[in-house]
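Subject: Structure for your files

Hello,

Here is the structure I said I would pass on. The sequence and coordinates come first, and my notes on the fold follow.

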Amino acid sequence: MAQYQFQVVYFEATRRCNLRCPFCMTGSNNAKKVRRSVLRELTLEEIRDQMLLPARRLGVHTIGWSGGEFLLRKDALDLLRLTVDLGYKCSVLSNCKKLTRPRLEKIRDVTQGQARIVVGLNAIDEENRWSRDNESDRTLQVLKDCIELGLGQHVVITIGKYNAKSFEKTIEFVVKHNIAYNRSPLVPRGSGSKCFGEMGFDRNDLQQYFHPALRRNPHGYVSYTPFFLSPELHAQVSGGMRNNTVPQNPAIGCWAGTWLTVNAEGEVSVCPVLLDALSAGNVRDTPLDELVDSSALFADITDRSRLKGRCGRCRYQYTCGGCRAMAYFHTGDYMEEDPTCFFDPADASTVSEHEEETNRVFKKYLLIARAAGVYQPPKDERTEKTPRRGLYAR
């Protein structure tokens, strides 16, 4: 049995892209890098044998297909069909250029209607074109088509100084349309290295603009830090389920320790924004489950008791964990404190002024998470058996 359990594999299946976003993480703006990568892309057979089949032994239930632009792979529909045939849920992350209505219908058909379409939307006005090299109207049309075709929808908002003031407006729009979302930080990966110093958010941006909007809206409730959830409340509602010390059922705070990420050439990391920077090894050399179980990187990242600085002495050490990517890109140490966090605890007894609000909205989020199949209330020990704890217990 695998030592660790994870929920999602996020796979950047190609670095090829038909857009030129100014801070593309995968470096799709770099023609030389893309040409080298295409020669080393994992084949369908390698993806199946070294990643998808081993992932079942790690508890994975969802495969997220991304790029570059995933749909530029000639075998994209075959890979989606294979995903469903193997019993996985699947997400398709796309820049929308190739998501015509006929293409969406094909995706629906090969996935038996089980696919979720994930799109980037950094703003709902003209600001989106600069950061995404795409008009927001095109993205909004794809979301509308998905609703009409019965496909799931999800929005990723990459945050930085450029959309700090428009962020709440974007959040209000996606929530009004009942669309789930998560925020992703601008980082110096790929083309982002050129503008991270100028455009990356800081703790003041997080405190003043991003965090207030995130706290109020349960639709994107698991994917941000700082996350001021009472550890006692999560233990109660989750039945104590953990991946080492990383909370599960539902996963919250930093997603490192919750999912597995793989780049086009097969290198495995703990977070999409840390691909190309931190590698646990390559699935070409070692099947995914064996690689993860033997990795010092995954042993570290799933043990939040090893966190340093403010994160190490924080009441929310486990229910938040700080952003491991921000820690790494600012300090060079992925276990250091998150320097973009605005909470300064004296020790583990310091309670955030936002904990009560976080707890209240988290309870609303549980309804969404249960409907989405990522949360299952623990059974009453007096009448039924408790959920399988095994690897999650500590």
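Predicted model: local features only at pLDDT ≥ 70, side-chain atom pairs only at ≥ 80, totals over all residues.

**Helix pairs**

Helix 2 turns up again here, with helix 3 as its partner. Helix 2 (residues 44-56) and helix 3 (residues 76-85) pack at an angle of about 30°, and their axes are 11 Å apart. The two helices are therefore roughly parallel to each other, the cut-off for that term being an angle under 35 degrees. The crossing of helix 2 and helix 3 is right-handed. From helix 2, the residues in contact are Leu44, Ile47, Arg48 and Leu52; from helix 3, they are Asp78, Leu79 and Leu82. By class, this contact has 5 nonpolar residues, no polar ones and 2 charged ones.

Helix 3 has a further partner in helix 4 (residues 101-110): the angle between them is about 30°, with the axes 9 Å apart. That makes helix 3 roughly parallel to helix 4 as well. Leu77, Leu80 and Arg81 of helix 3 meet Lys106, Ile107 and Val110 of helix 4. This contact divides into 4 nonpolar, no polar and 2 charged residues.

The other pair I looked at is helix 7 (residues 167-176) with helix 9 (residues 203-216). Their axes come within 9 Å and cross at roughly 20°, which makes helix 7 roughly parallel to helix 9. The crossing of helix 7 and helix 9 is right-handed. On the helix 7 side, Phe167, Glu168 and Ile171 take part, and they meet Tyr209, Phe210, Ala213, Leu214 and Arg216 of helix 9. The residues of this contact comprise 6 nonpolar, no polar and 2 charged.

**Salt bridges**

How many salt bridges does the structure hold? The count is 26. One of them is formed by glutamate 265 and arginine 15, whose closest N and O atoms are 2.9 Å apart. This pair links distant parts of the chain, the two residues being 250 residues apart. Glutamate 265 is in the loop between strand 9 and strand 10 (267-269), while arginine 15 is in the loop between strand 1 and helix 1 (31-38). As background, side chains of opposite charge can pair when their charged atoms come close.

**Backbone points to check**

Most residues other than glycine have a negative phi, and most peptide bonds are trans.

- Threonine 225 and proline 226 are joined by a cis peptide bond, with omega about 0°. Proline 226 sits in the loop between helix 9 and helix 10 (231-238).
- Asparagine 249 and proline 250 are likewise joined by a cis peptide bond, with omega about -5°. Proline 250 belongs to the loop between strand 8 (246-247) and strand 9.
- Glutamine 112 has a phi near 55°, a positive value in a residue other than glycine. The residue is found in the loop between helix 4 and strand 4.

Regards

Note on methods
Residues numbered from 1 in each chain as written. Heavy atoms only, no water. Axes fitted to C-alpha atoms, helices over the stretch in contact; angles between N-to-C directions. Helix = DSSP H or I, 4+ residues; strand = E, 2+ residues; numbered from the N terminus. Parallel < 35°, antiparallel > 145°, perpendicular 65-115°, else oblique. Left-handed = near helix turned anticlockwise from the far one by under 90°. Contact = heavy atoms within 4.5 Å. Nonpolar A, V, L, I, M, F, W, Y, C, P; charged D, E, K, R; others polar. Salt bridge = Lys/Arg side-chain N within 4 Å of Asp/Glu carboxyl O.
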